[in-house]
Amino acid sequence: MNISIIGTGYVGLIAGACFAEGGHKVICLDVDKEKIALLQKGISPIYEPGLEELLKKCISSGTISFTSDSKEAVENSQIIFIAVGTPQNEKGEANMCYFKEAAEQIGKHMNEYKIIVDKSTVPVGTAEWVGGIIENELKRRGARIKFDVISNPEFLAEGSAIEDFHSERVVIGSESEEARKILHELYAAGENEKKKILLTDTKSAEIIKYASNSMLALRLSFINEVSQLCEKVGANIEDVSIGVGMDERIGPKFLKAGLGYGGSCFPKDIRAFISTMKKNGLKNGVIDRIEEVNQRQLELTFKKIEQLVRGVKGKKIAVLGLAFKANTDDARESPAVKISKILLKRGALLSFFDPKAMDNAKSIFPKEIFAKDAYDAISGCDALLIATDWEEFKRLDLKKIKSLMKEPNVIDGRNIFEPKKMRELGFNYLSIGR
Ligand code: UDX
């Protein structure tokens with residue numbers, strides 16, 4: 001099929017590359033000409049395992065191309081995915097200005113029947129709204145062309161996005177039988193025949209995305225709250241999580257206590273969901289509290305650091321990890337960044353190391369030290385904070401760490417080390433819920 005994707009962020013690039021790998025002809029469109037120039041050379045503007053290799057492969061097989069020309073993209077595709085950003089606005093809602101622009105461009109250049117697919121995370125009612133914008137553009141041109149708008153939210157997680165594209169469920173929300181059939185074919189063809197696909201109406205599809213992210217974040221805040229009790233009474237949150245997750249009705253995923261959630265999705269999506277509820281005259285109960293608990297987790301961790309080093313002012317603290325989770329260079333709404341900001345405000349001196357996210361974090365902390373590796377960051381510090389659970393941190397030489405530190409204080413915000421072993425090695429060690 002001929003597909004175009006508007007927006008070359010995480011969602012757009014992964015979808016584009018994966019559809020192109022499946023043999024479809026894909027045009028990726030972005031207003032950012034520098035980004036397009038990079039992509040044309042096969043360079044990915046974001047770090048995502050396997051993405052750059054996939055892009056290069058599809059470029060050489062001629063199944064993917066990149067452009068800033070919206071006419072070219074719209075005219076040459078039957079299916080148009082809108083995958084532009086929907087960042088948070090000052091009211092906590094999704095900012096739909098890029099989405100509106102994309103819909104206008106589609107209406108402006110549409111030459112024959114098209115299926116427009118809302119892929120970004122957008123509030124309920126967006127498919128209808130997009131339809132209205134395109135209709136207006138067509139009217140303005142005096143054109144009468146049939147089109148359908150579908151909701152097909154993205155469920156990929158950063159760090160495992162390509163794998164998720166193939167294994168995650170597909171939700172197709174449509175009011176048109178014809179469009180639904182075509183999209184179903186797109187996803188269920190060939191080896192993907194057994195893919196889990198849910199066919200529903202557009203509004204339900206739009207809600208599924210927000211409800212899923214809110215539910216996952218709710219689990220995290222829940223388990224983090226339980227970790228506080230574990231700590232108070234001397235229980236172990238890791239075992240509690242395993243035990244709770246052994247119930248098949250609950251399941252083991254998203255029960256890892258830590259510094260709380262971050263990233264480009266959960267924080268903004270939960271706020272947007274709350275705002276949609278309010279707009280519809282509904283009272284929030286549980287959803288409203290998710291973020292509060294998430295924030296408290298950071299404050300409690302800060303208190304732990306303070307207790308361990310007896311006041312953070314003037315103390316040198318090494319922060320390992322800046323990304324909001326492992327396997328990504330993304331530091332947006334990262335708990336590591338947030339807790340570092342609290343530490344700096346209270347007068348601590350920080351040295352950072354992250355395997356991938358340092359470039360993205362340098363503008364946030366222009367005056368701080370960015371070390372060349374973990375040992376370099378740790379050298380001479382009064383305390384070490386593990387803020388992201390990168391695999392390579394789990395393999396660090398603990399004896400070497402102890403010999404490099406001024407004081408052997410470790411706060412493990414991701415529970416990557418064993419408390420017993422750490423204490424045996426002579427560390428003053430605090431973690432989460434243990
Ligand atoms: C999330 C959703 O998982 C994905 O389906 C959606 O499409 C986009 O939002 P992502 O933001 O990439 O994906 O990250 P995710 O893996 O969900 O992690 C979010 C945050 O929760 C991270 O800060 C992570 O460290 C934290 N987390 C996750 C925990 O603290 N414990 C866990 O058990 C799982």
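## A salt bridge between Glu333 and Arg271

Glu333 and Arg271 form a salt bridge in which the closest N and O atoms are 3.3 Å apart. Glu333 sits in the loop between strand 9 (316–320) and helix 13 (335–345), while Arg271 belongs to helix 11 (residues 266–279), so the pair ties together parts that are 62 residues apart in sequence. The two partners can also be described by their accessibility. Glu333 is partly exposed, with a relative accessible area of 29%, whereas Arg271 counts as buried at 17%. The structure described here is a predicted model.

## Other salt bridges

How many salt bridges does the count come to? The count comes to 31 salt bridges. One of them joins the side chains of Glu225 and Arg296, at 3.6 Å from N to O. This pair links distant parts of the chain: Glu225 is in helix 9 and Arg296 is in helix 12 (residues 286–309), 71 residues apart. Glu225 is partly exposed, with a relative accessible area of 38%, and Arg296 is partly exposed as well, at 28%. Glu225 and Arg296 also belong to a network, together with Arg289 and Glu292, joined by salt bridges that share partners.

Another salt bridge brings together the side chains of Glu52 and Lys56, at 3.6 Å from N to O. Both residues lie in helix 3 (residues 51–61), and because they are 4 residues apart there, about one helical turn separates them. Glu52 is partly exposed, with a relative accessible area of 29%. Lys56 counts as partly exposed too, at 42% relative accessibility.

## Surroundings of the ligand

Which residues come nearest to the ligand? There are 18 residues around the ligand, and of these Phe155, Leu156, Glu158, Phe324 and Lys325 come nearest. Helix 9 contributes the largest share of the shell around the ligand, 3 residues.

Some atom pairs between protein and ligand can be listed by distance. A backbone N or O atom of Lys256 is 2.9 Å from a nitrogen atom of the ligand. For Phe324, a backbone N or O atom is 2.9 Å from an oxygen atom of the ligand. In Arg414, a polar side-chain atom lies 3.0 Å from an oxygen atom of the ligand. On its own the ligand has 670 Å² of accessible area, and the protein covers 89% of that.

A disulfide is a covalent bond between the sulfur atoms of two cysteines. In this model the count comes to 0 disulfides. The cut-off for a disulfide is a pair of cysteine sulfur atoms within 2.5 Å.

Cys28 gives a second case. The closest cysteine sulfur to the sulfur of Cys28 is also in Cys58, at 9.5 Å, again too far for a bond. Is Cys18 buried or exposed? Cys18 is buried, with a relative accessible area of 4%. Cys28 counts as buried at 0% relative accessibility.

## A nonpolar surface patch

Met215, Leu218 and Val286 form a nonpolar patch on the surface. Together these residues have about 270 Å² of accessible area. Leu218 is in helix 9 (residues 202–233) and is partly exposed, with a relative accessible area of 31%.

## Backbone angles in one loop

Most residues other than glycine have a negative phi. Asn327 has a positive phi of about 70° although it is not a glycine. Asn327 is in the loop between strand 9 and helix 13, and it is partly exposed, with a relative accessible area of 39%.

Glu333, the partner of Arg271 in a salt bridge, is found in the loop between strand 9 and helix 13. Glu333 has a positive phi of about 50° and is not a glycine.

## Thr67 in strand 3

Where does Thr67 lie? Thr67 is part of strand 3 (residues 64–67). Thr67 counts as buried, at 8% relative accessibility. Its side chain makes a polar contact with the side chain of Glu72, at 3.1 Å.

Notes:
Residues numbered from 1 in each chain as written. Predicted model: local features only at pLDDT ≥ 70, side-chain atom pairs only at ≥ 80, totals over all residues. Heavy atoms only, no water. Buried < 20%, exposed > 50% of the residue type's maximum accessible area, 1.4 Å probe, protein only. Patch = residues over 30% accessible without salt bridge, like charges linked within 9 Å, V, L, I, M, F, W, Y side chains within 5 Å. Areas by Shrake-Rupley, 256 points an atom, 1.4 Å probe, with all protein chains shown as cover. Salt bridge = Lys/Arg side-chain N within 4 Å of Asp/Glu carboxyl O. Helix = DSSP H or I, 4+ residues; strand = E, 2+ residues; numbered from the N terminus. Near = heavy atom within 4 Å. Polar contact = N/O pair within 3.5 Å; in protein donor to acceptor, adjacent residues only side chain to side chain.
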